[in-house]
Number of protein chains: 4
Amino acid sequence: MIIIMKPNASAEAVSKVKNFIESNGLTAHLSEGTEVTIVGVVGDKTKIQGANIEMMDGVDKIVAVTESYKVVNKKFHPEDSVITVGNAKIGPGHLAMMAGPCAIENHDMLLETACAVKKAGAQFLRGGAYKPRTSPYAFQGLEEEGLQYMKEAREATGLNVICEVTSLRALETAVKYVDMIQIGARNMQNFELLKEAGKAGIPVLLKRGLCATIDEWLNAAEYIASEGNPNIVLCERGIRTYETATRNTLDISAIPVIRAKSHLPVIVDPSHATGVRAYIEPISKAALAVGADGLIVEVHPCPSCALSDGPQSLTFEQFEHLTEQLQPYAKLSGRVFNE
Amino acid sequence: MIIIMKPNASAEAVSKVKNFIESNGLTAHLSEGTEVTIVGVVGDKTKIQGANIEMMDGVDKIVAVTESYKVVNKKFHPEDSVITVGNAKIGPGHLAMMAGPCAIENHDMLLETACAVKKAGAQFLRGGAYKPRTSPYAFQGLEEEGLQYMKEAREATGLNVICEVTSLRALETAVKYVDMIQIGARNMQNFELLKEAGKAGIPVLLKRGLCATIDEWLNAAEYIASEGNPNIVLCERGIRTYETATRNTLDISAIPVIRAKSHLPVIVDPSHATGVRAYIEPISKAALAVGADGLIVEVHPCPSCALSDGPQSLTFEQFEHLTEQLQPYAKLSGRVFNE
Amino acid sequence: MIIIMKPNASAEAVSKVKNFIESNGLTAHLSEGTEVTIVGVVGDKTKIQGANIEMMDGVDKIVAVTESYKVVNKKFHPEDSVITVGNAKIGPGHLAMMAGPCAIENHDMLLETACAVKKAGAQFLRGGAYKPRTSPYAFQGLEEEGLQYMKEAREATGLNVICEVTSLRALETAVKYVDMIQIGARNMQNFELLKEAGKAGIPVLLKRGLCATIDEWLNAAEYIASEGNPNIVLCERGIRTYETATRNTLDISAIPVIRAKSHLPVIVDPSHATGVRAYIEPISKAALAVGADGLIVEVHPCPSCALSDGPQSLTFEQFEHLTEQLQPYAKLSGRVFNE
Amino acid sequence: MIIIMKPNASAEAVSKVKNFIESNGLTAHLSEGTEVTIVGVVGDKTKIQGANIEMMDGVDKIVAVTESYKVVNKKFHPEDSVITVGNAKIGPGHLAMMAGPCAIENHDMLLETACAVKKAGAQFLRGGAYKPRTSPYAFQGLEEEGLQYMKEAREATGLNVICEVTSLRALETAVKYVDMIQIGARNMQNFELLKEAGKAGIPVLLKRGLCATIDEWLNAAEYIASEGNPNIVLCERGIRTYETATRNTLDISAIPVIRAKSHLPVIVDPSHATGVRAYIEPISKAALAVGADGLIVEVHPCPSCALSDGPQSLTFEQFEHLTEQLQPYAKLSGRVFNE
């Protein structure tokens, strides 16, 4: 931690800051410049956590030198993690392909979709049972009934199944039915939910919040990890910007940034990132080329009849075409597809 | 609803769209342009809700003409609402002044603050018992113990008390202790929480999400209202932009926009919007001048010892100075301060 | 300047950085932490300007401690500046009211508008002769003919006149006709234009770029000032965000931030910030309450016939009503209106 | 064009709008809904360009149906363009690789870099002679002397050369020395410069503005094209968002969006997009995978001695490694590298 003093900070103010640091068992290094004095703080910063040094007389600002996340930080865990979910692995050397409808609408459409995406090479079936919708008047999901269909689809196809949970209650129910839960963009900082997901121990797909920084995203992962659950996969799904040509703006650079800062796997959701079916193939290729550990794609037996997200859903044929197109990109990144 | 066809849409495609609209009991008006054809849809749109018209052959895009929120929409309730909370009113003619510490730290500091803000003119005591914090290692709040202190502060001072709730469990507990609950920025689209707050019936202060549009914010309010709870006050607290000179960017225009679109009262949180104590007074004046129904301000007996948000908290003296400075602005906007 | 070393930086790397600093005549202060070492650099940083210290082995990042702008920096000029333009003053104690059409359309409409805004209390006539338009097919302005009309309007009314310049050629012409030039949002980082405006010596209204940080904005002002022209007034006109309910998002906090960082006056453009006529009055009140030194408002004899920006232009009656409404706010901020 | 009336618009207001449309030789189609009436306008909209229909009584808003750019619009030119620059082609089937220093520092470093990037497979040498810098005190470029070195580098190596121009004066000079000019992000809406670049006829690399929408970017290209210069290549270089982990946020989806809306080639600048050397390789792979027509990359003989952008510049070895890594991605996208 570095404390930057104001240009006009008195010697007394500097001295008080120094004393405060030292009285807490830390060391203070002073650099007295012509314009400003800076104070380097060395030692265990948790001792002064909560202290408002920026409010002390003469202090201009504080610059953090180290990240607040630890368990998910690559600095303390340099090797990339491989997460096991059901019968699949997510991480280096593997390509996780997750596909399925935005919302589970009924038993038959889910099973039909499961068979189709499995045939095309997916190892995971996604499907929404609890739908977070902007308007209270839009379809909200089948809830536990939907989870039951997911379980049946798993039994019928051998696919691993993943569902979003939007509340503690949904989490409690979902763990009984699915292999992996998803915490969506709108709940990325629902800290109660993160903690409970940490306690539940089940693998978690943690989507990036609509306007979350990468730092906040990793801190959200830390909430889960710090409760003892290391089975976390991150998912970049686009952030909100001024551009409206796509539903969100995919922050593709987030993949190499995450790779540099964390050991957790990270996948890409091209469906929510673009919101436009025609852009899913090029964006999926880019995701593999940039080094993503997988994709999560919306697929529907009849996108034009879908109860939600139709315009960004692929048909079975389109998804099959997509996985074929992706094969050489998977190979180039040293990943085994559909093992 | 307007359906815009693609430039090359076939007559058959246009015809199919028209038939679909009419087969659902709505009326379709065609405008055949030299470049494109547009289809105006007239009638009760809930009949085709969930239909993915944008996926039909030849359709380019859909333009919504009417808002999805109804109960909180000014169109259907032209008169501005006045919300009663405890012994105070929020809305036209009134100035709601809420103040208190970011986090409740202990019994004494809360009571001391309550007395100070009451003396300076506040009618509401704010204080956080459940703190949503970016890092899992930061102070998370006293929870029910904090709520108990709030209740005691109310009994001692007659102030109305307001607390943020961050989960269904917190909501269930809080309703037993406080006059108004707050749903914070990070939970603005925690739809389960919104629905339960709607069922609970208690007055709700609904903060705008960090990157929520005004439309999404009003839809979040609609979640509460559609469960039968009309006692909603909105709170603009700054949005996330690229500018880092302030903690967030206060969207001051949101106040007149809300005034035009909804009948709900709307207040401003200058503390979170700026994150800098020195900017709170000018921003508070601007908030009153632009027509806000009130303010929520962080006040702490000793900001430099605060467990959270110290740099943006006012001392008692500063808060008293603030309320004095605001008197003429309240008067100019026809509002009674501290009635 | 602070140099933060990587956690694993070798002693040799630290030593090389230290030697480099010292070999350039500066002083290096080392703080060796348990996790990282930081190096405080003291002395005249221009000696190592251009050096890429962040590329030296073991260096993680550089933190700037002091701003790159000097002449416009409040640190070196603590007293707020008052700028004289024609017969008016802009700065503390004064309220600059600028009004007029977006584009000068012809002689008569300009003169008519000039008389009307003068009567309502404006001291400045604004009017666009060179219009930066998104589409090449939109009206681009009358150019020198428009400037001639501005000069005539000044002679007829005694108003000071201000025009935007969009190129060196326009600047060269405009200085012969107007009292103040405006550099618009799209040209805020047209550095050639800034330098020439600096050399021209004429007062400059420098609008904030659509997505410029306050720091970049002050550096743009520094371009003008460093050429010897201290007559600069800043203008906040809204920044681009994801919110579309208003044309731009007025960053009202920018006013107190500028006040804290620079001695230059700063005014607000509520017309471009909101893009909606109905929001101009509340936003103008907020601008005065927050401490702005003035306003620049679009006024047109017949907004519905305007060649550009009609929807955000006020009629004469509306502008007169606006200035009346603003009187008490001007008084509260200690400013003389229409002196 | 669609005109949406207000819910309470009178029959007379609707009638006036209809008459206005028809009196201008266009056709108006009315759709009278239960809540609102909409008016579809059919015919040549240039007849009512400049009319402020949104200001007419009872009008709520206008929805544009067709784009304002024509020459660069794919609708009117469905085949993708291939642009010839010197001895190279940019467009489908080709991979344009541009490389060189951010700023031209002297003759030798430029020539040395030219030889190195040519050997590694580049067909274009980039180099800045006019540098737009945030601070007036930073290195501003060698200007004409730098252009002379570029010309000499071309003669020595056969590479095509490209330079940014930041003013009309720079443009006038540059056309005598280079094969292609670049209009940078800060000048994307410097409309005078765009028009002159259009008249000059020289191939133009048009970078996207820091916060320009894709629509505004294509309109900027239209400024050049409408002056008769069809030789335009677009360059995505990252947009400004709240995320600070990278210098800008590369909007990778912009590539397929441009592909869908325009026939112009589009390349990617991974150096400015990320600002971090380590991210350039993964982002370059992603750019090729998503379908970009080329890359422009900063390369410097000694990044740590560079006068600008050192941290994002590659060494010769790194650039050579990059081009090798990209070969299979070029092949997958059907492009010939270094033909």
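Is the crossing of α2(A) and α3(A) left-handed or right-handed? In this predicted model, the crossing of these two helices is right-handed. Two packed helices are described by the angle between their axes and by the distance between those axes. Here helix α2 of chain A, residues 107–120, and helix α3 of chain A, residues 144–157, pack at an angle of about 40°, and their axes lie 9 Å apart. On the side of α2(A), the contact is made by A:His107, A:Leu110, A:Leu111, A:Ala114, A:Cys115 and A:Lys118, while α3(A) contributes A:Tyr149, A:Met150, A:Glu152, A:Ala153, A:Ala156 and A:Thr157. Sorted by class, the residues of this contact comprise eight nonpolar, two polar and two charged ones.

From the packing within chain A we turn to the contact between the chains. Chain B and chain A bury about 3,700 Å² between them, with 50% of that area on carbon and sulfur atoms, and the contact draws 44 residues from chain B and 44 residues from chain A.

Between chain B and chain A there are four salt bridges; B:Arg169 forms a salt bridge with A:Glu192, in which the closest N and O atoms are 2.9 Å apart. The two chains also have 18 residue pairs in polar contact, both residues being at pLDDT 80 or more. On the side of chain B that touches chain A, α5 (191–200) and α6 (214–225) of chain B each supply at least two residues, and the largest share, four residues, comes from α6(B). That side of chain B divides into 16 nonpolar, 17 polar and 11 charged residues.

Note on methods: Residues numbered from 1 in each chain as written. Chains lettered and ligands numbered in written order. Predicted model: local features only at pLDDT ≥ 70, side-chain atom pairs only at ≥ 80, totals over all residues. Heavy atoms only, no water. Contact = heavy atoms within 4.5 Å. Buried area = accessible area lost by both parts, 1.4 Å probe. Salt bridge = Lys/Arg side-chain N within 4 Å of Asp/Glu carboxyl O. Polar contact = N/O pair within 3.5 Å; in protein donor to acceptor, adjacent residues only side chain to side chain. Nonpolar A, V, L, I, M, F, W, Y, C, P; charged D, E, K, R; others polar. Axes fitted to C-alpha atoms, helices over the stretch in contact; angles between N-to-C directions. Left-handed = near helix turned anticlockwise from the far one by under 90°.
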